[in-house]
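Let's take a walk through this one together. Have the coordinates open in your viewer as you read.

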Amino acid sequence: MDKAKSKKVVSYNKWGYIFLIPFVVVYCVFQLVPLASTFYNSLFENYRSGLTQVGPNFVGFQNYVKLFTNGDLLIYAKNTMIMWILGFVPQILVSLLLGAWFSDPSLRLKYQRFFKTVIYLPNLIMASAFAMLFFTLFSESGPINSILLNLGIISAPYKFMSHVWSVRGLVALMNFIMWFGNTTILLMAGMMGIDPSLYEAAQVDGATATQIFFQITLPLLRPILLYVMITSLIGGLQMFDVPQILTNGTGDPVRSSMTLIMYLNKHLYSKNYGLGGALSVLLFIITGILSLIVFRINTRTSK
Amino acid sequence: MEKNTNKKAKGLPIGARRAIAYAVLILVSLLCLIWFYILFINATRSKGELTRGFTPIPSTHLIQNLKNGVFHGTLPFVRGMLNSLFVAGCSAVLCTYFSTMTAYAIHVYNFRFKKFMSTFILAVMMIPTQVTALGFLQLVGKMKLEDNFIPLIVPAVAAPVTYFYMKQYMESTLPLSLIEAARIDGSGEFRTFNTITLPLMKPAIAVQAIFTFVSSWNNYFIPALVLHKDKMKTLPILIAQLRSADFLKFNMGHVYAAIAFSIFPVIVVYLILSKYIVGGTTLGGVKG
C-alpha cells in the first residue's frame, strides 16, 4: 500500500520540474547568462575611441584598476550615498511617526484610508515624469520661483539647477516623497503585529506615548526596520531615473549629482564594455556585501 | 475604561496628540499633492499666461495644450502611451501567470531540488537588473531584438519578488487536500493549476498585476537602451527626450500637458484601485 502510494506521489512530483521550466529557462537566458557575460566582459579592453574600435583584448583585472585609479568612481559613489542619506533619514523618521500614529488604537485617527492613499500615491508615479515635473517647477522662470518671489522670500529667481546642494536636495526630496508612504505602510504593518497586551501593560504602568514608542515599539520593530533599510539602500544604489532626467544625464553642477548607475549608463551608451562590465561587477558585489553588513550589525546588537 | 487609563498617563493629553497628528498628516498630504496640483493648473494655461507667474486658478487652455503638445506635437506621445500600455500589459499577464506557476511548483510538489530552488530564488531577489544590463544588452543585440518589445516583456516571466508574494499567499489559501481531491476526480495537473489554483489566487494576482504593470510602465533604464526608433519608444523615454531637447524652443504649456498626459492616467487608475494597492503592499511583503 505504502509503496504504491509513494510511487504515485513521485509520478506527480515530476510536474514540479515541469512547472519550474518557464522560470528557470527565462531566468537563465535573461539573468544568469547576462551576469556571466558581464563578468566576462569586465576582463577585456573593449571600447570605441572616435571611429576606431579598441579591443576586445584580454587585460585581466586592469579595468578594475582603472576604475579605482581614475577617481571618478569614488566621487559618484559619494554622491549616491549623500543623496540616499538625505532622502532616507527624513523618510524613516516621518514613516516611524506616521506608522506609530496610524497603528495607535488610543489615538483613533479618522480618514486613515484617505491619508494612506495620498501618501502612497507618489510611489506609483513615473519617476522620469516626476523628475521632469520637478525640473520645470523649479526652473528659473518656473512656478516655485514665481511663488517664492510673490511671497517676498527671495528677491531674484533662485537657480536651483546650478547649485550643488539644491540639486542634491531636490533629488533627495523626490526620493523622500516617492518612498515615505511605502515605508509608512510597511512599518505600520509591523507595528500592528506587536502584541497589544504589551501596550496595555505599559499604559497601566503609566508610560507616556513617547516612552511606549521608544521602549516597546522601536525595539520590537528592529527586524522590519532592518528590512526597510536594506531594501532602501539597495534601491538607493540603483538611483538613476530622477537625477538622470533632472540633470539631463550630466549630473551637473560639476557632476555633483552623478550617481553610480548614471556612470554605468554612460559606459553602456558609449559601448565601453570593459569599464562598464567592471563597474557592473563591482556594483553586484557592493550590493551583496552591503546587505550582509547591515544584516550582521543588526543581529549583533539585538543579541 | 481605556480612556480613563489614557487620561491618567503622563505626557500630552490625547486631544492635543490627536490635533498634532492631524496637522502633520495634512502637511505631508499637501507635500505629496501640491506638485500635481501645480502641474494640473499649469497644463491648463497658455504660454503667455505661464510667463506671467503662477496663479492657483486653472485657465482654459487644457484642450489646446493637449492637442498641440501631445496629440500633434513633435514627440509621438500617443504612440508612446500605446507602446507603454502594450509592454506593461503583457508583462503583467506573463509575470503573474508564470510566477503563480513557479510558486505552485514549489508549494505543491516534492522533488529533489525543491529546497535548492526556493533558497536560490530568495537569494537572487535582491540582485538589481542594472548590474546585468551590459550582458543583457549584448544578448539582445545578438538575438537581433533591438527595437523590439520582447526583451522588455519576456523577462517578466522570472520575477522572484512576485513569486515570493504568490507563494506566501498560496500557503494561506491553497490547501493541498484540494489538489488531491482534483486528482481523485481525474483532473490533470496542468488543468488543476489553470481551473482550480488560478481562480483561488485571483486577489493576489490582481495585486501583483497592478504592481508589475506600474513598474513596467515606469521603467526607464532598460527600455532606453533597447528602444531607439521613435515609433517604438515608451512614455518614459519620450519624457527624457523632452528634457534633453532645447528647452527655450518649447511652449511650456505643451510641456506641462505632456507631463500631465503621462502622469494623470496612472493617478486616476490608482484612485479607483487604491483599496487593493494600499492593502496589497503589506499582504506578502512583510509577514512576521
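This is a predicted model: local features need pLDDT of at least 70, side-chain atom pairs count only at pLDDT 80 or more; totals for chains, interfaces and linings use all residues.

Start with chain B, which has 15 helices and zero strands. If you draw a box along the principal axes, the C-alpha atoms of chain B fill roughly 75 × 75 × 35 Å. As for burial, 41% of the 288 residues of chain B count as buried. Now look at contacts in chain B between residues at least 6 apart in sequence: 77% of these join residues at least 24 apart.

Next, see where the two chains meet. Chain A brings 81 residues to the contact and chain B brings 79. On the chain B side, the residues touching chain A split into 51 nonpolar, 20 polar and eight charged.

Finally, zoom in on chain A, where helix α3 (residues 72-103) packs against helix α10 (residues 222-237). Their axes are 9 Å apart and the angle is about 135°, which makes α3(A) oblique to α10(A). The crossing of α3(A) past α10(A) is right-handed. Which residues make the contact? From α3(A) you'll find Thr80(A), Trp84(A) and Phe88(A), and from α10(A) come Ser232(A), Gly236(A) and Leu237(A). That set divides into three nonpolar and three polar residues, with no charged ones.

Terms used. Residues are numbered from 1 along each chain as its sequence is written. Chains are lettered from A and ligands numbered from 1 in the order in which they are written. Two residues are in contact if their C-beta atoms, placed from the backbone, lie within 7 Å. Ala, Val, Leu, Ile, Met, Phe, Trp, Tyr, Cys and Pro count as nonpolar, Asp, Glu, Lys and Arg as charged, and the others, Gly among them, as polar. Axes are lines fitted to C-alpha atoms, for helices over the stretch in contact, and angles run from 0 to 180 degrees between N-to-C directions. Helices (H or I, at least four residues) and strands (E, at least two) are DSSP runs, numbered from the N terminus. Angles under 35 degrees count as roughly parallel, over 145 as roughly antiparallel, 65 to 115 as roughly perpendicular and the rest as oblique. A crossing is left-handed if the near helix is turned anticlockwise from the far one by less than a right angle, and right-handed if clockwise. A residue is buried if 20 or more other C-beta atoms lie within 10 Å of its own, exposed if 12 or fewer, and partly exposed in between; C-beta atoms are placed from the backbone.
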